[in-house]
Every structure is written in structure tokens, then in C-alpha cells.
Amino acid sequence: MIVAMLETASEDQIQDVTDHLMRMGFAVHRTTGARQSVLAAVGKRIDFDIRDLEVLSGVEKVHRISAPYKLVGRQFHPHDSVIELGKGVMIGGPQVIVMAGPCSVESRDQLFKAAEQVAKAGAKVLRGGAFKPRSSPYTFQGLGLEGLKLLREAADAHGLLVISEVMEISQIDLMLPYVDIYQVGARNMQNFNLLRELGKVRKPVLMKRGIAATIEEMLLSAEYIMSGGNYDVVLCERGIRTFETYTRNTLDISAIPIVHKLSHLPITSDPSHGTGLRDKVSPMACASLAAGADALIIEVHPDPDHALSDGAQSLYPEQFAELMEKLRLIAPAVGRTI
Ligand code: PEP
Ligand code: MN
């Protein structure tokens, strides 16, 4: 950390700040310039808040150099993590993984149709919510255990893996036999108790960025899971809340290269929740692939006009098949396969 002292800082103030940093466990190197002194604090500690120093008398500005996370960051793990999702499907390597399916599991007929359609088009993972975090308590809340059973059956029938959202700790064990990947939804990205429990699980977790979360907060949330011992964490950009109203959320595609720079973990893009509008999903999926996404998660429904949730952002099966064709053209241009 670098602490720049005010030009007017007294020797006593500089000494106080130096003592403070040393009590925190840092070695302090002082540079005395013509006008200003700068303190470089070096050490292993990462659990500090720079504001604690910024409020000390005589301090002008504090810059953090080391990241506040260690397991998620590239510093101690420079190479990309390649994670096995199941049945030999790897995420984070050259192949871009497509996860697709309805927002919610609604019925056997709906899910089996969706599984067949997305598998035929080339998806590797079937998505579908059995427990739904709906903004209104009066809307469809999901089929629960019955939905999980349908997911497993439909996925197995079409050689797919299963991803489904876990909303609370009590669902972790219940879901274990039915899912290959636990999804942590945007609304739960800072449910730290849930994240800690998922740290004890030995199955991959796809953790979505919170609606109003910074990239650093997303990485710190992933650190919760990893610090519990589960290193199979996949991040997901799913759009953030901005002042724009044309789209449901603003898909922050720049988060993809930023995460790749800061972290070795794979990152997925969710253009469905990221835009909320069916006709914006394909362009943003293509853009995400070009920007370096390791996976895409896309809502596809056999009959979106009658979907019980997120119909407006769900692709028709034919649209999904067309999108997969486009992605197959783009992938080699950015050194990937689908
Ligand atoms: C979902 O995947 O259907 C979902 C609810 O996503 P998010 O948590 O990103 O809103
Ligand atoms: Mn949805």
C-alpha cells in the first residue's frame, strides 16, 4: 500500500502513520521528496480497509497495491483454472461451454422438449430453476424437488449436465444428487452464509454477479467459497442495474476481460438476464464470446410466449440453434472452439 502524506504533514504526523502501519504488520519504507513524503507499506496482510489510514491526520491519499483476495486472484495462481463440470466437460479451457434451457422448470413436457432442443443445437449443460428467486411473492416460485428430478431425468436422456439455482443452505443437500453445478443467483451473491456452506461442497459453483455489485465485490464473494475449500468456482456476469431503462439490466461485457486479468477463474456471460429482451440476446452472446467469455448461459423455452417466468428474454428453439451457428463462426476467430 502507498500512503501519500499531505505537503503540510508534520514530522509527528508522518511518524504516527508509520507507527500505525507497523502495528498493522507492514514494513514501511519512507521516500522524502522535495515537497511531499510517501510511505510504502509492504507486507502479506490483505484484510485491511484503506479508509482507516485515509482518516489519519496528515494523510492525503492511500492506494492499495495488492488485491484484497488471494485464492481468487492471479497473484498466487497465474494460470487459468480449468474446471471439470462433470462427464469430462471442462470450463476455462479452449472450449466455450454453452448452458441453455428455460428460466424455470415448469413441467415434464416443457423440460424434455427444451433439453432435446438445446442438446441438438450443441449445448452441454441444461439450465432450469427449481427454486426461483422471484421479485414478487405472487409469481411462480418453482417446482422444488419435483423440478430437480425432472432436470436430472431430462439431462440424462440427452447427455447434458444440470445447473440449477440454490437459494438457501437447506437446499444444498437436497440438490446434491440432482445437479452437477450449483448456481448462486445475483440476489444471493452476498449471502455469505450460503457461500461458506458451498465452500464445503465438492461440486462446481457458478456464482452470478450481484445486481449492484462491483467486480471486486464479486471476486471477494468467490473468495468466500474458495476459502471454504471448494476451488471449483465459475463467475458469471449477468448484467447490473444502471440508469438505462431500455434493457432490464446492463450487461457489463467489460467485466469479462477485467475478471480475466484479475482472476484465474472462468467467467460466464448471461445475456438473457443481462438484457431481458429476446432480440438482444444473440448479439450480446456473440459479443461476450468475442470478449473472452468461457461459457454462456442462455434462456431457451420451447414456447416462450407461455413461459411462467422470463418469457420475454427466452429464445425460441430455432433462434438458439441459429445463435449456436453464429457462435461456431466466431469462436475460431478468438482462438476458441464451441
Ligand atoms: C436465473 O438464472 O433464472 C436467475 C434468476 O438469474 P439471476 O440470479 O441472474 O437473476
Ligand atoms: Mn430467469
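**Entry 1. The cavity**

I began with the largest cavity of this predicted model, whose lining consists of Asp-80, Ser-81, Gly-92, His-260, His-264, Leu-265, Pro-266 and Asp-294. I then looked up its volume, which comes to about 30 Å³. The structure holds one cavity of 30 Å³ or more. I sorted the lining of this cavity by class and recorded two nonpolar, four polar and two charged residues.

**Entry 2. The largest pocket**

I turned next to the open spaces. The largest pocket has a volume of about 280 Å³. I found 21 residues in its lining, and the closest to the pocket centre are Pro-133, Arg-187, Arg-248, His-273 and Asp-310. By class, I noted nine charged, nine polar and three nonpolar residues in the lining of the largest pocket.

**Entry 3. Where the ligand sits**

Which pocket holds ligand 1? I located ligand 1 in the largest pocket. I counted 13 residues around ligand 1, and the closest are Arg-127, Ala-186, Arg-187, Lys-208 and Arg-238. The shell around ligand 1 divides into seven charged, three polar and three nonpolar residues.

**Entry 4. Polar contacts of the ligand**

I then looked up the distances from oxygen atoms of ligand 1 to polar atoms of the protein. For Lys-132, a polar side-chain atom lies 2.9 Å from an oxygen atom of ligand 1. For Lys-208, an N or O atom in the side chain is 2.9 Å from an oxygen atom of ligand 1. Ala-186 makes its approach through the backbone, where an N or O atom lies 2.8 Å from an oxygen atom of ligand 1. I also looked up how far the protein covers the ligand. Ligand 1 taken alone exposes 300 Å², and the protein buries 97% of that area.

**Entry 5. The second largest pocket**

Which residues line the second largest pocket? I listed Gly-43, Lys-44, Ile-46, Ser-66, Ala-67, Tyr-69, Lys-70, Gln-75 and Phe-76. By class, this lining has four nonpolar, three polar and two charged residues.

Conventions
Residues numbered from 1 in each chain as written. Chains lettered and ligands numbered in written order. Predicted model: local features only at pLDDT ≥ 70, side-chain atom pairs only at ≥ 80, totals over all residues. Heavy atoms only, no water. 1 Å grid on protein atoms, 1.4 Å probe; cavity = no way out; pocket = protein on both sides within 12 Å on 5 of 7 lines; lining within 4 Å. Points joined across faces, edges and corners; volume = space filled by probe spheres on them. Nonpolar A, V, L, I, M, F, W, Y, C, P; charged D, E, K, R; others polar. Near = heavy atom within 4 Å. Polar contact = N/O pair within 3.5 Å; in protein donor to acceptor, adjacent residues only side chain to side chain. Areas by Shrake-Rupley, 256 points an atom, 1.4 Å probe, with all protein chains shown as cover. Sits in = over half its atoms within 2 Å of the grid points.
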